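Work through the exercises below with the sequence and the structure open. Try each task before reading its solution.

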Amino acid sequence: MPLSVRLTAACQLIASAAAFYHPSSFNPLEHLGGISPTFEPHDPPTSPLPPQGCTPVRAAYLSRHAAIYSNDFDNEEYIEPFLAKLENHTGVNWSNIPSLSFLADWTAPFSKAEEELLTRAGKLEATQLAISLSFRYPNLRLPKRVWTSSADRTAESAQALVRGFELQENTINVVSIYESKEAGANTLTPYKSCPAYAGATGSKQSAEYRQIFTRPITARLNALARAFNFTDKDVFGMMELCGYESVIRGSSPFCNLDLFSPDDWLGWEYASDIMYHYNTGYGNDASGAIGLPWLKATADLLLDSSNSDVEDLYVSFTHRELPPTVVVAMGLFNNSAPGGGDINATMPLDRINHRRAWKSSHILPFLGNVAIERLNCSGSYGFSDGEYYRALINNAPQELPDCFDGPGTSCSRRGFESYLQARVALFDGFSDRCGVDYDNSTDVLTIYTDPAVGTAVGKRFLWG
């Protein structure tokens, strides 16, 4: 082949590769962990449609609340100090620095008073979730109750969902479960009543990698604006503002890939993944015990064939801490499966494990949810007619550990029951594993079946 032809072919190959990974195709908002706006990561890229021949007959969802203006810790630790520093450094001429020129007239997207409050976009997204569920499950009855932890942002997410379900009707009660520190497992915030859990766990490990990935970024920014003296926390807060400002204003200049590159964002994401790994993931011995009560209670509801009072659809709202513990209890997104070994070694603190399964952006974005479906299957090629079960994380069907003998990623009733027994054997005993030091603790979640819960008249009422 002539040299000119070979060179032309090589140039075309390089151009194709560049087009395949063009920075404009990279979306920072899908790599922001718990600050990511609601999205479907398609992890794994399995079809969310029911398997051929299968129809959902019952389903349960555990959802994080929708988008808020800011998280209190993020605001106090990173964003507020950066904003105060920005306000005090009036001598920097930002308009002369191309990638930072927007700071010349940029204003903060939220006030201290709006911290932790649900955004307008968040309310709309929660309403849209109801519409999506209605289309997904056209044959299921609307729920009589929707459960929520008692914080305003979770309760308002539940109310917005109900508006999407009801349209002009007025039949669904919102049951608010008090966020007690002494409720044992019978709550939608069991981590708060688990003494072995500490909210700051994982911060130290995350900070170690944060200092590594931000080092070249701070050096670059300080070369542009030396008087400002950018720190690793400044950079981290600026990148957080990309997420928070986007759910408030629709976009953010902090998301600009000329300011932070795709590799920078992958560094931020990994720092977040480290924190959640040790906080509510496989790096915390209490995680499985915290998440198991919801899994067990939900599985019992889905398996129940004798109780006519069982709902077709269960939806509950909580905070970012509970869904990842449920993921651990279920055995999903596990870096070390199926071989076992030192789970913490799979999340090194000095470099990114690009092949990890544990990605917080794929587990707990705003409105991120865990779902389990009961399917009736008839005429599925290669499978017997009968009852099957499958799990979904943010609308992506998941293959449960040792539970995949059904159509698609589903498993049979017998397989699901066996799977559940194995998970209970691993994580049962909330009170003991959490080191509960208060009276009247419990290891089970009964809010869905307790006749004293959710029987009052009205649109919203407290329990607990």
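**Exercise 1.** Decide whether helix H7 (residues 262-279) is largely enclosed by the rest of the structure, and check its span.

*Solution.* Step 1: count the buried residues, where buried means under 20% relative accessible area, exposed over 50% and partly exposed in between, with a 1.4 Å probe and protein chains only. In H7, 16 of the 18 residues are buried, so the helix is largely enclosed by the rest of the structure. Step 2: work out the expected span, which is 1.5 Å times one less than the number of residues. For the 18 residues of H7 this gives 26 Å, and the end C-alpha atoms are 26 Å apart, which agrees.

The model is predicted: local features need pLDDT of at least 70, side-chain atom pairs count only at pLDDT 80 or more, and totals for chains, interfaces and linings use all residues. Residues are numbered from 1 along each chain as its sequence is written, and side-chain values use heavy atoms, with hydrogens and water left out.

**Exercise 2.** Find the strands joined to strand E5 (residues 369-377), and say how E5 is placed.

*Solution.* Step 1: helices (H or I, at least four residues) and strands (E, at least two) are DSSP runs numbered from the N terminus, and two strands pair if DSSP finds at least two bridges between them. Step 2: nine bridges join E5 to strand E1 (residues 54-64), and the two run antiparallel. Tyr61 has Ala371 of E5 as its bridge partner. Step 3: strand E6 (residues 386-393) is joined to E5 by eight bridges, again antiparallel. Here Ile372 is partnered by Ala391 in E6. Step 4: eight of the nine residues of E5 are buried, so this strand is largely enclosed by the rest of the structure.

**Exercise 3.** Describe the largest nonpolar core and the contacts of Trp94.

*Solution.* Step 1: a nonpolar core is a set of buried Ala, Val, Leu, Ile, Met, Phe, Trp, Tyr and Cys residues joined through side-chain atoms within 4.5 Å. Step 2: the largest one has 129 residues, and Trp94, Phe254, Met330, Phe416 and Tyr448 touch the most other members. Helix H8 (residues 287-303) supplies the largest share of this core, nine residues. Step 3: leaving aside neighbours within four places in sequence, the residues in contact with Trp94 (heavy atoms within 4.5 Å) include Leu86, His89, Leu100, Ala225, Phe228 and Phe230.

**Exercise 4.** What percentage of the 464 residues in the protein is buried?

*Solution.* Buried residues make up 55%.
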